Amino acid sequence: MKTSMDDTREDPQACGLLRRMLDAAIAASQPALCLPGLLPEAPKGRLIVIGAGKASAEMARAVERNWPGPLEGLVVTRYGYAVPCERIEIVEAAHPVPDTAGHAAARRMLDMVGGLHEDDTVLCLISGGGSSLLPLPLEGITLEDKQQVNTALLKSGATIGEMNCVRRHLSAIKGGRLGAACYPAKVVTLLISDVPGDDPRDIASGPTVPDPTTCDDALAIIRRYGIDLPDRVLAVLHSGRGESVKPGDPRLARAEVRMIATPQMALEAAARVALDAGITPYILGDSLEGEARDVGKVLAGVALQTARRGQPFAGPCVLLSGGETTVTVRGNGRGGRNVEFLLACALALRGEPGIYGLAADTDGVDGQEEIAGAVIRPDTLERAWAAGLRPHDSLDDNDGHGFFGALGDSVVTGPTLTNVNDFRALLVLQSSLPRREH
């Protein structure tokens with residue numbers, strides 16, 4: 001595989017443009033920008049602020065800066081994602097596998113909203129990661145059981161919707177239970193979506209919204225993926241004790257949801273950066289799912305057809321997409337759906353000139369790594385082989401982080417204080433016109 005001098009000159013500019021698009025996507029979903037206009041009216045009684053997620057602390061700070069009256073509250077965020085607040089207590093806990101700090105905070109939060117009155121309002125700040133940060137198991141299930149469940153789900157290949165269905169039926173706080181505990185107070189939930197389709201049930205497993213799924217649905221998912229769970233957990237599901245709060249429950253009659261930031265908003269912000277650079281953007285979808293390596297192969301195929309045939313798009317252009325892929329971990333690597341996507345994509349592109357890519361999680365953490373994602377260039381495979389790496393072996397071992405780390409191509413953002421799911425961009429800098437047969 002050869003990389004032309006033109007490609008070499010394009011490289012810094014191309015990678016810089018991809019990074020600016022990612023930064024724009026993250027900036028567009030910052031709570032300080034999106035939240036103030038969606039705050040509720042001041043209640044006659046108290047305003048209690050609660051919440052959980054990787055963006056919840058920054059959301060809390062935005063509330064404090066824009067709320068004119070008294071308030072109090074508690075939110076839980078990931079270690080390293082806290083920001084200074086004066087009236088809302090910020091607690092840090094573990095993600096994606098829960099810990100005792102999150103367990104204690106969840107119990108305190110549930111106690112905090114008990115005994116409220118109809119003149120009170122509960123403002124609930126929810127973003128991705130909240131499921132792990134509010135690990136309050138149902139009676140008969142231990143925190144250790146919940147940790148085992150989360151670890152097994154993360155490795156299973158189940159979709160985020162399927163994982164959250166199981167979580168909702170094992171929790172004393174998810175699946176509408178936190179919202180029901182606030183009754184008769186009014187509940188206003190502000191959401192930053194990190195899930196395909198922006199379904200409130202799947203954002204932090206829907207602690208304040210009704211859930212039509214059942215324990216039988218959760219058991220079907222466990223069987224489908226062959227997930228090995230403790231007997232105590234299965235007993236809760238088989239008995240029906242894990243049923244969530246259903247639509248029509250009067251305790252949620254005064255609950256409402258307001259979406260403040262979504263993956264689509266982030267992709268549109270990135271598209272504007274591309275347009276300003278003279279590159280035509282095409283948003284392929286904000287909710288793409290599937291195995292990360294399979295999505296990588298498919299989008300590489302679209303990029304190749306664009307570069308070689310001018311179909312379905314003419315270059316120069318950038319193919320943007322969001323959503324949440326999955327990684328079924330079978331090897332000894334560290335996982336990470338964005339780096340797995342990129343490694344499969346690079347293998348399918350095989351050094352095609354003029355195609356660059358970036359994929360990253362907008363929360364700054366791809367899988368369990370403090371790394372957001374990575375970039376690929378036309379010379380990615382060539383440099384890997386020269387360094388003694390075996391890309392196919394890295395993919396088989398689910399070791400995308402090790403692969404891109406060795407090349408120096410990781411993307412590190414640090415805590416972004418928001419979370420609108422994965423960001424993927426394939427930049428096609430040239431396109432051949434279709435040949436005509438004579």
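The structure is a predicted model, in which local features need pLDDT of at least 70 and side-chain atom pairs count only at pLDDT 80 or more, while totals for chains, interfaces and linings use all residues. Residues are numbered from 1 along each chain as its sequence is written, and side-chain values use heavy atoms, with hydrogens and water left out. Helices (H or I, at least four residues) and strands (E, at least two) are DSSP runs, numbered from the N terminus.

We can begin with the parallel sheet. Its six strands form an open sheet in the order E3-E2-E1-E4-E5-E6; strands count as paired if DSSP finds at least two bridges between them. Strand E3 (88-93) and strand E6 (255-261) are the edge strands, each pairing on one side only. On average, neighbouring strands of this sheet are turned by 20 degrees against each other, direction ignored; axes are lines fitted to C-alpha atoms, for helices over the stretch in contact, and angles run from 0 to 180 degrees between N-to-C directions. Strand E4 (residues 121-126) and strand E5 (residues 186-192) run parallel and are joined by six bridges, with Val122 having Val187 in E5 as its bridge partner. Helix H4 (residues 100-112) packs on this sheet and touches strand E1 (47-52), strand E2 (72-78) and E3, where contact means heavy atoms within 4.5 Å. The direction of H4 makes about 155 degrees with that of E2.

A second open sheet of six strands has mixed pairing and the order E7-E8-E12-E9-E10-E11. Strand E7 (280-288) and strand E11 (410-411) each have a single partner strand, so one side of each is left without a neighbour in the sheet. Four bridges link strand E9 (residues 355-361) with strand E10 (residues 373-376) in an antiparallel arrangement. Helix H11 (residues 263-276) lies across E7, strand E8 (317-323) and strand E12 (422-428), at about 165 degrees to E7. Helix H12 (residues 292-309) lies across E7, E8, E9 and E12, at about 25 degrees to E12.

Helices also meet one another. Helix H7 (residues 160-168) and helix H9 (residues 215-224) pack at about 125 degrees, with their axes 8 Å apart. Residues Glu162, Cys165 and Val166 of H7 meet Asp217, Ala218, Ile221, Ile222 and Arg224 of H9.

Finally, helix H13 (residues 337-349) is mostly covered, with twelve of its 13 residues buried (under 20% relative accessible area, with exposed over 50% and partly exposed in between; 1.4 Å probe, protein chains only). Just after H13, Arg350 takes a positive phi of about 50 degrees.
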